[in-house]
Amino acid sequence: MSFKLEEATILELQHAMSQGNITSKQLVQMYLDRIEKYDSIIHAITIINRKALETAAELDEERLQKGPRGILHGIPIIVKDNYDTYDMPTTAGSKSLEGSVPPDDAYQVAKLREAGAVIIAKSNMAEFAFSPNETVSSIGGTTLNPYDIERVPAGSSGGTAAAIAANFAAVGLGTDTGNSIRGPGAHTSLVGIRSTMGLTSRDGIVPIILGQDIGGPLARTVTDAAIILEAIAGYDTNDPITAKSIGNTVGSYLDYLDKNGLKDAKIGVLRQYFPTDQIDPEVREIMEKAIQDIENQGAKIVDDFHISNLEKLFEDTNGPFTMKKDINAYLETLGPNAPVKTLDDIINSGQYHPSIQKGLKYAQSVELPLEGNPDFFKSEVNREVYRLAILKAMTDQDVDIIIFPTWNYPPRKVGDLESPHGNNSYQMSPPTGFPALTVPMGYSYGTLPAGLQMVGRPFSEPILIKYAYAYEQATNHRRSPKLE
């Protein structure tokens with residue numbers, strides 16, 4: 001076949017299938033062939049779906065008989081290994097959950113399958129999503145960055161990010177508690193969306209801090225990320241927080257893909273997150289170029305955008321670590337066949353990577369119920385104070401969104417946990433629940449990806465997608481890694 005798989009978008013794949021140039025089964029096989037050829041280099045995949053080809057063939061037949069279900073019909077997708085899948089184990093990267101097959105799909109996985117997507121594999125992750133810095137687990141080992149295999153893809157969704165960057169599937173699902181979609185996205189020249197808390201369901205995702213956990217897309221283009229977000233957004237009876245989505249979803253996020261979308265946009269540059277002495281000079285140069293590119297597209301740049309007492313506002317949101325409560329509740333949903341029943345069981349099993357022992361023991365030390373800890377309520381109040389401070393600053397200084405580098409430094413070398421990380425992702429969106437998006441903004445030192453982060457008001461995903469798309473179309477920074 002002459003069909004070019006590398007960097008193919010969902011729309012291109014769907015067009016090729018609709019024209020009869022390729023089938024979903026052939027497409028799945030082509031991606032599986034890439035995984036077989038290249039995953040021994042980057043170690044992004046933990047398990048292949050043995051029924052992927054069979055499912056794709058069934059969807060091909062359905063297309064012939066009834067037509068496609070929609071834009072995702074027959075499209076291969078990779079999901080992070082903390083999403084429940086009824087037909088594959090879900091381990092959150094931990095040998096303590098090895099072989100654990102959940103009774104049903106996570107809500108987001110179910111929505112994608114209903115739309116006709118084919119889940120072809122699951123990806124490695126930082127075990128139990130502990131690390132924003134690297135993707136290492138007792139199940140999958142160490143995932144490497146396809147742009148430089150001596151470097152990390154960040155964490156904890158580094159497996160999904162590395163896989164999608166390397167063209168192992170059309171798109172992927174990651175999760176983000178503090179950084180874990182946006183950091184890996186920035187490290188691998190991808191678009192990653194952490195949506196507003198409540199827009200998408202957390203049901204069936206192995207939690208670490210449920211109050212901050214969000215699942216969402218990692219994709220090579222803004223369009224593909226928007227397609228996935230549209231498919232997974234909305235109310236889920238199993239996650240009460242999604243009641244907030246009622247009245248806050250849109251007909252189609254694709255309606256906001258406007259290459260002139262930055263004209264008259266009002267953009268606040270949050271230099272508090274990247275002072276000159278706390279950013280790599282090449283990343284800073286890339287960021288300054290991004291600001292100029294945005295302004296050249298007709299946006300108004302508020303370059304002195306400022307939030308008073310920003311550092312303290314963030315620090316005051318810190319409350320007790322909720323993992324013990326959250327993971328125990330998740331394990332209960334697995335039923336009587338769960339390999340472990342509690343966090344204590346996980347720790348007692350010894351079946352986990354040594355790098356997370358300290359974190360597990362810290363989670364174990366937190367006393368339940370959380371409501372008995374006065375810091376729990378104080379942190380919740382302070383989160384609202386933080387939200388209002390951001391909204392007031394945005395209103396007073398007349399900006400639509402805030403921008404800054406996703407990370408201030410290039411991807412670290414594997415094993416380096418000491419040099420400056422420059423992670424900006426955990427400070428604003430996770431404690432407030434506001435939406436954030438990362439989009440490729442170029443490469444430092446020739447080959448090392450960097451990301452531009454955009455943060456908006458609650459449920460402003462249409463604006464973020466509009467601005468990110470216009471920036472993407474104007475700059476075209478994304479390029480495929482060389483794995484040969």
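The model is a predicted one, so local features need pLDDT of at least 70 and side-chain atom pairs count only at pLDDT 80 or more, while totals for chains, interfaces and linings use all residues. Residues are numbered from 1 along each chain as its sequence is written, and side-chain values use heavy atoms, with hydrogens and water left out.

- Glu230 sits in helix H7 (residues 222-232); helices (H or I, at least four residues) and strands (E, at least two) are DSSP runs, numbered from the N terminus.
- With 30% relative accessibility, Glu230 counts as partly exposed; buried is under 20% relative accessible area, exposed is over 50%, and partly exposed lies in between (1.4 Å probe, protein chains only).
- From Glu230 to Gly159 it's 71 residues in sequence and 23 Å in space, C-alpha to C-alpha.
- Arg113 belongs to helix H4 (residues 107-114) and is buried, at a relative accessible area of 19%.
- Beyond its neighbours within four places in sequence, Arg113 has contacts that include Asn49, Arg69, Asp105 and Ile119.

**The sheet**

- Eleven strands make an open sheet with mixed pairing, in the order S1-S3-S2-S6-S8-S7-S12-S13-S11-S9-S10; two strands pair if DSSP finds at least two bridges between them.
- Strands S1 (45-48) and S10 (300-302) are at the edges with a single partner strand each, so one side of each has no neighbour in the sheet.
- From one strand to the next, the twist averages 30°; axes are lines fitted to C-alpha atoms, for helices over the stretch in contact, and angles run from 0 to 180 degrees between N-to-C directions.
- Helix H8 (residues 281-296) packs on the sheet, where it touches S9 (266-269), S10, S11 (401-405), S12 (436-444) and S13 (448-456), and its direction makes about 115° with that of S12.
- S2 (residues 76-80) and S3 (residues 118-123) run parallel, joined by five bridges, and Val79 stands opposite Lys122 in S3.
- S7 (residues 191-194) runs antiparallel to S8 (residues 214-219), with two bridges, and Val191 has Ala219 as its bridge partner in S8.
- S7 is also antiparallel to S12, with three bridges, and here Arg194 stands opposite Ala436.
- Val191 and Ile193 point one way from S7, Gly192 and Arg194 point the other way, and all are buried.

**Salt bridges**

- The count comes to 22 salt bridges, taking one as a side-chain nitrogen of Lys or Arg within 4 Å of a carboxyl oxygen of Asp or Glu.
- Lys122 pairs up with Asp81, their closest N and O atoms being 3.4 Å apart.
- That pair links distant parts of the chain, with Lys122 in strand S3 and Asp81 in the loop between S2 and H4, 41 residues apart; both Lys122 and Asp81 are buried.
- Asp398 and Lys266 form a salt bridge at 3.0 Å, N to O, linking the loop between helix H13 (374-396) and S11 to strand S9 across 132 residues.
- Asp398 is partly exposed at 35%, and Lys266 is partly exposed at 23%.
- Asp396 and Lys392 form a salt bridge with their closest N and O atoms 2.5 Å apart; being four residues apart in H13, Asp396 and Lys392 are separated by about one helical turn.
- Asp396 counts as exposed at 53% relative accessibility, and Lys392 counts as exposed at 52%.

Conventions:
Contact = heavy atoms within 4.5 Å.
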